[in-house]
Amino acid sequence: MFSITIWGTRGSIACPGQYTNEFGGNTTCLEVRADGNVCCVDFGTGVRPFGEYLEEHDLPAGLTHINFFITHTHWDHIIGFPMFKPVFIKGMKIDIYSTYMPNGKSLKGLLRNELSYEYWPVNLRELNADIRFHQVREETLRFPGGLRVITHYLNHPAPDLGYRFEYGGKSIVVIHDSEPFFNQFLPFSKGGRASFFDIDASREAAKAAEEGNAKIISFMKAADIVVYDAQYTEEEYKTEKLNWGHSSYQCAAQNSIAAGVKHLLLNHHDPSRSDSELLAYEKKLKKEYGSQINIDMAREGASFNL
Ligand SMILES: [Zn+2]
Ligand SMILES: [Zn+2]
């Protein structure tokens with residue numbers, strides 16, 4: 001069995017309520033299973049119901065090990081950690097993979113802060129599970145049964161990894177959170193006045209951006225399922241959200257089509273986006289791209305088997 005279940009679909013902040021019933025209000029959390037391996041990408045607030053599901057179904061059946069793969073340490077991706085019930089269970093092994101941070105900081109250090117008494121009633125050292133932290137860069141991680149997890153850096157204001165799960169000839173890729181690379185060294189400012197970036201530096205930057213985007217497409221190559229950060233419409237992105245670290249629906253679709261992806265799930269919905277808005281956009285995107293790719297907005301609770 002190789003599957004993905006979506007426990008959290010939102011970016012930025014949880015937004016439960018009558019307008020988010022269909023697509024969900026929890027922040028990002030994606031369960032990936034490859035036979036005996038129970039994995040999860042990010043522990044946003046969706047990790048709480050995931051933990052309750054495990055408690056009801058898997059723990060009684062003898063589950064003792066879970067792997068977490070953390071894309072990055074922004075709140076919407078880590079804040080659910082202390083509400084994940086298995087962290088309180090003695091004998092439970094939890095391996096947490098994340099990348100290196102600036103100034104020697106680490107996910108473990110940030111969680112230690114998050115779980116200090118100023119913010120939370122239970123400290124990290126008081127959790128009963130055997131929690132092990134691993135820092136990784138771009139590499140291939142190997143797990144029992146032939147599961148491989150490949151990592152790739154993404155463009156975001158915090159060090160951030162995309163994850164590619166490969167098992168039994170199939171693949172699931174998570175691109176969270178990610179903005180397309182673009183030329184930061186434009187030779188002219190918006191007002192038309194010359195900036196201090198010279199033309200050669202600008203050309204180099206344009207080339208670097210192009211290569212960065214091509215590498216992400218290659219990382220997703222022929223994936224069966226891709227879950228892609230698509231927080232904005234193309235118009236929102238270009239007019240208000242440049243440099244905020246996220247992609248548009250159109251960017252996610254075009255990159256996935258270029259990579260030959262079979263099924264694209266657009267995720268990390270903006271918290272202000274209601275069910276009716278997401279439904280309308282989904283319809284529009286299906287009309288625009290549906291002949292080239294199977295494309296859906298991610299819905300909390302949806303599960304896909306490969
Ligand atoms: Zn996010
Ligand atoms: Zn982020």
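**Zinc sites and strand β3**

Q: What makes β3 and β4 a pair of strands?
A: 3 bridges join β3 to β4, and the two run parallel. Pairing takes at least two DSSP bridges between two strands, so these two pass. C40 stands opposite F68 in β4.

Q: What kind of model is this, and how are things numbered?
A: It's a predicted model, where local features need pLDDT of at least 70, side-chain atom pairs count only at pLDDT 80 or more, and totals for chains, interfaces and linings use all residues. Residues count from 1 along each chain as its sequence is written, chains are lettered from A and ligands numbered from 1 in the order written, and side-chain values use heavy atoms, leaving out hydrogens and water.

Q: How do you know that β2 also pairs with β3?
A: 5 bridges join β2 (residues 29-34) to β3, this time antiparallel. L30, for one, has V41 as its bridge partner. β2 and β3 form a hairpin with 2 residues between them, and D35 in the turn has a positive phi of about 45°.

Q: Why is β3 called mostly covered?
A: Buried means under 20% relative accessible area (exposed is over 50%, partly exposed in between; 1.4 Å probe, protein chains only), and 5 of the 5 residues of β3 (residues 37-41) are buried. N37, C39 and V41 cover one side, V38 and C40 the other.

Q: Which residues count as donors to the zinc ion (ligand 2)?
A: H72 (NE2), H74 (ND1), H156 (NE2) and D177 (OD), at 2.1 to 2.5 Å. Donors are N, O and S atoms within 2.8 Å of the metal (3.2 Å for Na, K and Ca); water isn't among the atoms, so sites may look incomplete.

Q: Which is buried and which partly exposed, D177 or H74?
A: D177, at 1% relative accessibility, is buried, while H74, at 28%, is partly exposed.

Key. Helix = DSSP H or I, 4+ residues; strand = E, 2+ residues; numbered from the N terminus.
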